[in-house]
Amino acid sequence: MNDQQIQITTASRLAHTQEYYFSRKLQEIDALNKAGKQIINLGIGSPDMPPPPSVVDALTADAALPNAHGYQSYKGLPALREAMSAWYARAYGVTLDPNSEILPLLGSKEGIMHISMAFLEAGDEVLLPNPGYPTYRAAAELTGATLREYDLTADTGWLPNLAALAATDLSRVKLMWVNYPHMPTGTRASAAELQALVDFALAHNILLVHDNPYSFILNDNPTSLLSVPGARGCVLELNSLSKSHNMAGWRVGMLAGRADLLQDVLRFKSNMDSGMFRPVQQAAVVALGLGEEWFAELNAYYRARRERVFALLDLLGCTYSRDQVGLFVWAAVPAAYPDGFAVSDRVLYDANVFITPGGIFGSNGNGYIRISLCQKVEVLDEAIRRVEAALR
């Protein structure tokens with residue numbers, strides 16, 4: 001038998017890009033579970049509840065049709081774009097042309113890559129939040145652009161110091177990532193703070209990309225950055241049904257904003273996929289038509305869960321704001337621990353409970369942990385019992 005193997009080097013663009021943290025951590029958790037540990041995972045924000053039956057019914061009804069299984073338009077069904085446009089008008093007060101200002105995506109995460117590849121290259125600079133969603137960094141690295149972090153800290157209310165940024169050389173900055181309600185800190189931005197972001201981007205000729213998947217979770221005032229005066233000139237906004245409609249695995253997202261910029265993104269996207277499965281699109285149309293009662297019921301579940309997470313954090317001696325919104329709770333670790341990684345390891349290996357160390361989101365998250373609300377109250381109560389026993 002010939003055991004000869006060729007040697008292939010990876011592309012240089014992967015030199016600084018690591019496997020996604022949760023991809024690696026889930027493998028470790030799987031190994032622990034196979035060893036009998038039965039880990040309670042409070043790390044990932046993957047909704048554990050299903051979408052409404054009407055959404056699933058729409059999927060199965062269309063999937064039963066013989067003509068539902070072919071390639072689809074890269075721009076999505078007209079009915080889907082119209083439903084997304086109507087949702088933006090109803091939810092955010094933002095009017096979008098469904099033919100040119102809405103682009104359906106296979107989840108908003110792919111949109112981060114599409115936007116980065118469409119607009120960034122070597123010689124460009126991109127502003128990234130610290131802490132922030134790690135995919136912003138990974139996508140930027142793959143483009144060859146220069147990464148520039150901007151600090152978000154408790155002292156600044158987890159908002160950027162735009163005056164300090166404006167005092168630096170921004171001549172090579174092409175794109176800035178923002179995300180409010182913010183992940184991982186759960187911070188909301190006021191109308192004045194959103195306006196300041198738009199004014200900053202316009203003043204410095206920066207494409208401002210707003211990642212907005214958490215606006216309906218435990219948030220009484222869902223807001224689109226596109227509703228801010230002047231935003232149409234400089235803003236693209238990503239949105240998703242993953243969190244708001246319990247459809248994370250369905251991969252339904254959208255990009256909204258200027259028609260010419262969306263056309264640029266489509267030039268890249270159309271070379272990467274062959275459209276969204278039509279039954280998924282038809283189901284998304286139904287989901288986007290859900291009324292206020294859906295969000296009220298959804299948030300009642302999350303509100304009860306958040307109270308149990310607060311109790312768990314109290315047990316760990318962490319401090320946190322009760323005003324944060326979104327699918328997670330962000331908390332500062334007690335002084336007895338050097339950082340959030342130490343707390344995460346202690347709880348994982350002593351109590352068989354996984355919580356996310358804040359440091360994976362950037363150096364400004366090192367002193368923090370993040371707990372997901374995507375487990376039932378009964379599971380959270382069991383996590384509390386386990387941690388309480390481990391701390392004795």
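Is Asp124 buried or exposed? Asp124 is buried, because its relative accessible area is 11% (buried is under 20%, exposed over 50%, partly exposed in between, with a 1.4 Å probe and protein chains only).

I noted the ground rules. This is a predicted model, where local features need pLDDT of at least 70, side-chain atom pairs count only at pLDDT 80 or more, and totals for chains, interfaces and linings use all residues. Residues are numbered from 1 along each chain as its sequence is written, and side-chain values use heavy atoms, without hydrogens and water.

I then looked for the partner of Asp124. Lys174 forms a salt bridge with Asp124, with the closest N and O atoms 3.2 Å apart (a Lys or Arg side-chain nitrogen within 4 Å of an Asp or Glu carboxyl oxygen). Lys174 lies in strand 5 and Asp124 in the loop between helix 4 and strand 3, so the pair ties together parts 50 residues apart in sequence. Helices (H or I, at least four residues) and strands (E, at least two) are DSSP runs, numbered from the N terminus. Lys174 is partly exposed, at 32%.

I counted 18 salt bridges in the structure. Asp48 and Lys376 form one of them, at 3.5 Å, N to O. They sit 328 residues apart.

Five bridges join strand 10 to strand 13. Trp330 has Arg370 in strand 13 as its bridge partner.

Notes
Pairing = 2+ DSSP bridges.
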